Amino acid sequence: MMTNGVVHANVFGIKDWVTPYKIAVLVLLNEMGRTGEGAVSLLERRKLNQLLLPLLQGPDITLSKLYKLIEESCPQLANSVQIRIKLMAEGELKDMEQFFDDLSDSFSGTEPEVHKTSVVGLFLRHMILAYSKLSFSQVFKLYTALQQYFQNGEKKTVEDADMELTNREDGEGKMEKEELDVSVREEEVSCSGPLSQKQAEFFLSQQASLLKNDETKALTPASLQKELNNLLKFNPDFAEAHYLSYLNNLRVQDVFSSTHSLLHYFDRLILTGAESKSNGEEGYGRSLRYAALNLAALHCRFGHYQQAELALQEAIRIAQESNDHVCLQHCLSWLYVLGQKRADSYVLLEHSVKKAVHFGLPYLASLGIQSLVQQRAFAGKTANKLMDALKDSDLLHWKHSLSELIDISIAQKTAIWRLYGRSTMALQQAQMLLSMNSLESVNVGVQQNNTESFAVALCHLAELHAEQGCFAAASEVLKHLRERFPPNTQHAQLWMLCDQKIQFDRAMNDGKFHLADSLVTGITALNGIEGVYRKAVVLQAQNQMTEAHKILQKLLTYCQKLKNTEMVISVLLSVAELYWRSSSPTIAMPVLLEALALSKEYRLQYLASETVLNLAYAQLILGIPEQALTLLHMAIEPILADGAILDKGRAMFLVAKCQVASAASYDPAKKAEALEAAIENLNEAKNYFAKVDCRERIRDVAYFQARLYHALGKTQERNRCAMLFRQLHQELPSHGVPLINHL
């Protein structure tokens with residue numbers, strides 16, 4: 001059977017074969033050789049040389065598209081190629097025969113036009129050899145296919161010209177042209193016949209590279225799977241195509257298809273003998289153990305931990321029988337991933353790092369150090385020790401040019417600084433990753449910055465800007481994330497969660513609790529714990545204290561079981577707030593002290609400062625403002641240095657409240673001075689709240705300022721603040737909560 005001049009049987013039995021498209025490329029090469037040095041400028045020749053490699057390696061394209069590509073590089077040569085192909089297609093079979101006979105002349109003479117060992121020379125020799133092996137009937141079918149190829153190309157050229165004339169002044173013409181181009185590309189794919197071995201290998205390596213480094217430039221999951229199915233239809237034993245199918249199915253979280261493709265990959269690898277040829281009989285065992293290891297990784301990715309453990313045990317057993325230390329090292333790393341919730345998992349990780357260094361596996365050693373740093377950060381180790389460990393891993397990265405791990409290391413530092421509450425340092429690290437232009441292009445137009453670490457750094461950047469009230473900048477970062485990581489890509493969930501959290505915080509600040517409640521569903525779908533916590537926050541803001549308390553207690557128990565310390569402290573702070581808003585500040589004190597102890601133990605400076613802020617407020621409610629002020633002096637510095645704008649405003653508002661409460665026993669002159677200082681702090685707090693558009697808190701500040709101005713006898717200022725309060729109070733009803741009970 002033959003289509004487009006290509007024999008379908010034994011598809012990869014030969015390296016290459018002749019197709020009408022390749023005849024057109026041969027005509028281009030022949031014309032380039034015949035054209036003198038002066039006829040084509042140096043710039044045009046350079047463009048043509050750059051065009052040749054993708055034409056030789058890529059899949060077959062339509063004649064009209066080939067003309068267009070040549071015309072962009074050298075219009076004069078495009079015209080010559082078009083005339084030559086037309087004469088051949090409209091002539092006789094002997095014209096094509098004569099053309100292939102003349103190709104051999106390119107290698108003749110003392111200074112041949114083409115060297116036999118060059119890329120072009122090898123292509124010419126392959127084509128001449130493939131053509132000479134064709135029978136007469138196959139040659140005739142090839143010529144018929146060439147005529148059909150030429151006619152389709154001419155028809156498409158005429159259609160394009162008519163379309164351009166019709167839509168030149170039409171506003172919607174561009175859209176229609178793009179849609180036409182897309183449909184033509186799909187037609188090219190479906191009618192191009194099977195790819196040669198070299199074309200298939202080039203296509204697979206290109207798509208695999210794009211999936212790893214820049215998923216947006218790769219084919220869509222459906223289009224890529226269609227191409228792979230077409231490839232496997234002609235050669236079902238093509239192992240690399242099954243592996244790319246496995247990667248493609250991972251993009252869309254298809255468990256069944258990805259497992260199916262992975263197993264087929266290793267089956268075909270063994271059947272074709274690709275491993276056994278290079279490693280003897282050992283190659284079969286190697287394929288089996290790495291198949292089990294990859295299956296364990298796949299199950300682990302989808303959360304099937306029991307199946308992953310069984311597959312990993314199988315991989316370990318086969319690797320031990322074969323004495324494969326490299327495979328055992330990979331197994332040891334995955335053992336840590338599966339058992340990282342256990343208390344003694346760090347011992348396994350340390351052993352893994354030592355062994356990886358011993359066997360000269362820098363990639364595994366570095367990943368182990370990164371995991372060890374992450375584990376110790378959650379365990380509350382000091383930042384200087386963690387940064388020293390990351391410095392050692394960075395030396396490995398630069399020594400072995402592990403650019404991907406350099407990105408991961410910087411993203412890790414960003415996350416650690418944010419965990420410890422140092423937003424300035426986190427911002428610096430995130431910007432450092434974004435400004436790393438030293439990473440060279442992996443392929444034409446592909447930068448190795450569409451990785452998970454890059455997405456994590458951008459999400460941190462968006463959250464940090466949102467915390468400082470720069471919502472326009474945060475929106476720009478999120479817009480960039482949407483473009484770089486579209487919703488169907490594997491890292492899109494990172495920015496989706498970030499976007500939902502920022503929208504939630506803005507809705508809460510603006511008093512739009514119904515809007516915040518609608519966002520909880522989206523957050524829960526992306527992160528269950530975060531979603532449940534924010535549901536409790538909304539219920540608390542709506543004064544549904546009983547429901548909020550039930551949710552917080554269940555969440556607290558669950559997070560303590562998971563040892564999620566950061567969320568445990570946040571829940572404890574919410575529980576304490578719930579108690580004092582229910583007029584039970586004495587019950588809140590032990591809860592806050594527990595949160596403070598955890599913050600200090602795990603060195604979470606920012607959460608510790610926030611806890612101290614809450615303790616000071618509880619003391620203010622209990623009637624001991626002097627002690628509250630003393631506590632505030634301990635907490636306010638890190639909040640003003642690294643805190644969010646909202647927390648800065650809360651801190652200054654609380655300072656003002658404590659100053660007013662402490663001034664009750666002062667003499668009149670000193671009291672007036674204290675009230676003036678409190679008003680200044682209230683102005684600062686109001687500015688902070690205005691930056692994040694927190695109108696509910698601005699209303700509370702205006703109320704408090706009006707009371708202070710009234711006490712000082714400043715009627716005009718009092719009336720201005722009272723008017724502001726009245727406007728905001730009409731827009732934002734207080735839900736029956738006393739204003740003094742808001743921190």
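Reader: In which loop is asparagine 543 found?

Author: Asparagine 543 is found in the loop between H26 and helix H27 (545-562). Helices here are DSSP runs of H or I with at least four residues, numbered from the N terminus. This is a predicted model, in which local features need pLDDT of at least 70 and side-chain atom pairs count only at pLDDT 80 or more, while totals for chains, interfaces and linings use all residues. Residues are numbered from 1 along each chain as its sequence is written, and side-chain values use heavy atoms, with hydrogens and water left out.

Reader: What phi does asparagine 543 have?

Author: In general, most residues other than glycine have a negative phi. Asparagine 543 is not a glycine, yet its phi is positive, about 65 degrees. Its relative accessibility is 25%, so asparagine 543 counts as partly exposed; buried means under 20% relative accessible area, exposed over 50%, and partly exposed in between, with a 1.4 Å probe and protein chains only.

Reader: Where does glutamine 253 lie, and what is its phi?

Author: Glutamine 253 lies in the loop between H11 and helix H12 (255-271). Its phi is positive at about 60 degrees, although glutamine 253 is not a glycine. With 42% relative accessibility, glutamine 253 counts as partly exposed.

Reader: How are H25 and H26 oriented, roughly parallel or roughly antiparallel?

Author: Two packed helices are described by the angle between their axes and the distance between the axes. Axes are lines fitted to C-alpha atoms, for helices over the stretch in contact, and angles run from 0 to 180 degrees between N-to-C directions. For helix H25 (residues 513-526) and helix H26 (residues 528-541), the axes come within 7 Å and cross at roughly 165 degrees. H25 and H26 are therefore roughly antiparallel to each other; the cut-offs are under 35 degrees for roughly parallel, over 145 for roughly antiparallel, 65 to 115 for roughly perpendicular, and oblique for the rest. The crossing of H25 and H26 is left-handed, that is, the near helix is turned anticlockwise from the far one by less than a right angle (clockwise would be right-handed).

Reader: At what angle do H9 and H11 pack?

Author: Helix H9 (residues 197-213) packs with H11 at about 25 degrees, and their axes are 11 Å apart. H9 and H11 are therefore roughly parallel to each other. H9 passes H11 in a left-handed crossing.

Reader: How many aromatic pairs does the structure hold?

Author: The structure holds 8 aromatic pairs. One of them joins tyrosine 243 and tyrosine 246, tilted, with 5.3 Å centre to centre and 50 degrees between the planes. Rings of Phe, Tyr and Trp (its six-membered ring) pair if their centres lie within 6.5 Å; planes under 30 degrees apart count as stacked, over 60 as edge-to-face and the rest as tilted. Tyrosine 243 and tyrosine 246 both lie in helix H11 (residues 239-251), 3 residues apart, about one turn of the helix. Tyrosine 243, at 28% relative accessibility, counts as partly exposed, whereas tyrosine 246, at 6%, counts as buried. Tyrosine 265 and phenylalanine 266 form an edge-to-face pair, 4.8 Å centre to centre with 70 degrees between the planes. Both tyrosine 265 and phenylalanine 266 are buried.

Reader: Which residues do ring pairs link into a cluster?

Author: The cluster linked by ring pairs holds Tyr243, Tyr246, Tyr265 and Phe266.

Reader: How many disulfides does a search of the whole structure find?

Author: The search finds 0 disulfides, a disulfide being a pair of cysteine sulfur atoms within 2.5 Å.

Key:
Helix = DSSP H or I, 4+ residues; strand = E, 2+ residues; numbered from the N terminus.
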